[in-house]
Amino acid sequence: MNRREALQRAAWLMGGALSAPLTLDVLDAYAAPTTPTPGWKPAVLSQPQADLVSAVADIMIPRTTTPGAKDVGVTELIDLLLKDVYSKEDRERYLSGLAEFDKAAQTTFGKPFLALDAKQQNILVHKFHDEAAAKERRLD
């Protein structure tokens, strides 16, 4: 899976279903390498939501020999997309999906996602990823 596919699946994972062509156009428009902005504050996401998005994105796109999600400011990109690209309905669906994801952590492990250890976080992210990927295959 390449980084573009990972970002698309991250959107599905967190409830942000957009059409594939729109997602690709948006990702291409924002594809220039970036670095996180020091002191950045989210415009749409609350700080806890931004921390959740950052943690999940970093699990999905970890630093290897190339920069990971945190290194290139994926959370900033997602917040910008929510602010400038998503419709109000899609933004609300994304934020609702984020809340449902965190609630699933609480239900499954008895703690919010950010309070889980790395193994539990990975289990939950991969569970949601696998479910989203299966759903996407059924839609194809």
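At what angle do the axes of helix α3 (residues 47-60) and helix α5 (residues 74-84) cross? The axes cross at roughly 125 degrees and come within 9 Å. The model is predicted: local features need pLDDT of at least 70, side-chain atom pairs count only at pLDDT 80 or more, and totals for chains, interfaces and linings use all residues. Residues are numbered from 1 along each chain as its sequence is written, and side-chain values use heavy atoms, without hydrogens and water.

**View 1. Crossing of α3 and α5.** At roughly 125 degrees, α3 is therefore oblique to α5 (65 to 115 degrees is roughly perpendicular, under 35 roughly parallel, over 145 roughly antiparallel, the rest oblique). Axes are lines fitted to C-alpha atoms, for helices over the stretch in contact, and angles run from 0 to 180 degrees between N-to-C directions. Helices are DSSP runs (H or I) of at least four residues, numbered from the N terminus.

**View 2. Residues between α3 and α5.** Ala50, Val53, Ser54 and Ala57 of α3 are in contact with Val74, Thr75 and Ile78 of α5 (heavy atoms within 4.5 Å). Five of the contact residues are nonpolar, two polar and none charged (nonpolar: Ala, Val, Leu, Ile, Met, Phe, Trp, Tyr, Cys, Pro; charged: Asp, Glu, Lys, Arg; polar: the others, Gly among them).

**View 3. Packing of α3 on α7.** Helix α7 (residues 118-139) packs against α3 at about 80 degrees, the axes being 10 Å apart. The two helices are therefore roughly perpendicular. Val56, Ile59 and Met60 of α3 meet Gln121, Asn122, Val125, His126 and His129 of α7. This contact has four nonpolar, four polar and no charged residues.
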